[in-house]
Amino acid sequence: MPSPESSLLQSWHDNADAWIEVIRSGAIESRQQVTDQAILLAIMGRQPERVLDLGCGEGWLLRALTARGIDATGVDGDVTLVEAAREAGSANVHVASYQTLAEARVDIGRDYDLICANFSLLQQDIIALLAAMNALLVPGGTLIIQTLHPWTVAAGDYQDGWREESFAAFKGQWQPMPWYFRTLSSWLNALDMAGFRLVGLQEPQHPQSAVPQSLLMIAESR
Ligand SMILES: C[S@@+](CC[C@H](N)C(=O)[O-])C[C@H]1O[C@@H](n2cnc3c(N)ncnc32)[C@H](O)[C@@H]1O
């Protein structure tokens, strides 16, 4: 039986084309209204010159950063998404699984001022990966993670554990995706264990929404 981690990456292989369509058609309202802008502002606020986008998907954030004069590199475990990012104009995009990155078995460059992960840390074991990313940062470099806000998706079960996303809200054919729910303290512990110091925590929200659209953590390498 495959592990949830390998089923998770497999779901991205299966869902890559549907994901490209969803992102490029602007079908996710919370991204259009709140979270795309939130991560861009958080990144630009740190004034980085070189950024690594971890789990970059089809590359929308790489393109947005490049348009703002930033030297942006991407990495993702799905070949179809990486090819889509390249075809859309991003020259520096690597194919690598988080496992190979955690074990430093692949060269994706180093001395980044900032590494961001936008809704792309979905697996259980993130500490070794984040520690490996820490090693690719300049001293005191920044890590920015945007993720689902745990309080809005807990659904009455506020403890770490595997859940399943069916993508029922989206049009098209989708394979279910296992993903690992993490409490706020679990996120903060993981950052600490990977050698980061939290310096900012945001809860991006739309003025007409009663709940935040995401949790956004800004941390520095220590
Ligand atoms: C929800 S998408 C987010 C993509 C992009 N950051 C964005 O904002 O649109 C999650 C991404 O994480 C990548 N991913 C998930 N698990 C991975 C793994 N184990 N190794 C490498 N990439 C992985 C997927 O391929 C996918 O592109």
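This is a predicted model: local features need pLDDT of at least 70, side-chain atom pairs count only at pLDDT 80 or more; totals for chains, interfaces and linings use all residues.
Now let's step back into α1 itself. How far apart should the ends of its 21 residues be? At 1.5 Å a residue, α1 should span 30 Å, and its end C-alpha atoms are 28 Å apart, so the two values agree. Even so, α1 has a kink of about 65 degrees, centred on N15. N15 is also one of the buried residues of this helix, together with L8, L9, S11, W12, A16, W19 and I20. And what do those buried residues pack against? They pack against α4, residues 79-87, and β7, residues 177-181.

Next, helix α2, which covers residues 29-44. The same check works here: 16 residues at 1.5 Å each should give 22 Å, and the end C-alpha atoms are 22 Å apart, which agrees. This helix bends as well, by about 40 degrees at T35. T35 is buried, and so are R31, D36, A38, I39, A42 and I43. Here is a handy thing to remember: an α-helix has 3.6 residues a turn, so residues three or four places apart point the same way. Have a look at the buried positions in α2 with that in mind, for instance T35, A38 and A42. The partners of the buried residues in α2 are two kinds of element: the helix α3 (60-67), and the strands β1 (50-54), β4 (112-118), β5 (137-147), β8 (196-202) and β9 (215-221).

Let's zoom in on C116: leaving out residues up to four places away in sequence, C116 touches I39, I43, V51, D53, L54 and I144.

On to the ligand. Which residues come nearest to it? Of the 20 residues around the ligand, those are W12, G55, G57, G77 and N118. The elements giving two or more residues to this shell are α1 (4-24) and α3. The largest share, 4 residues, comes from α1. By type, the shell has 11 nonpolar, 7 polar and 2 charged residues.

Now find E58, in the loop between β1 and α3. Is E58 buried or exposed? E58 counts as buried because it has 29 C-beta neighbours inside 10 Å. Setting aside residues up to four places away in sequence, E58 touches W19, I20, I23, R24, L81, A84 and A85.

A104 has a positive phi of about 50 degrees, and A104 sits in the loop between α5 (98-102) and β4. With 13 other C-beta atoms within 10 Å, A104 is partly exposed. F119 also has a positive phi, near 55 degrees. You'll find F119 in the loop between β4 and α6 (127-134). F119 is partly exposed too, with 17 other C-beta atoms within 10 Å.

Conventions. Residues are numbered from 1 along each chain as its sequence is written. The expected span of a helix is 1.5 Å times one less than its number of residues. The bend at a residue is the angle between axes fitted to the seven residues ending there and the seven starting there. A residue is buried if 20 or more other C-beta atoms lie within 10 Å of its own, exposed if 12 or fewer, and partly exposed in between; C-beta atoms are placed from the backbone. Two residues are in contact if their C-beta atoms, placed from the backbone, lie within 7 Å. A residue is near a molecule or strand if its C-beta atom, placed from the backbone, lies within 6 Å of it. Ala, Val, Leu, Ile, Met, Phe, Trp, Tyr, Cys and Pro count as nonpolar, Asp, Glu, Lys and Arg as charged, and the others, Gly among them, as polar.
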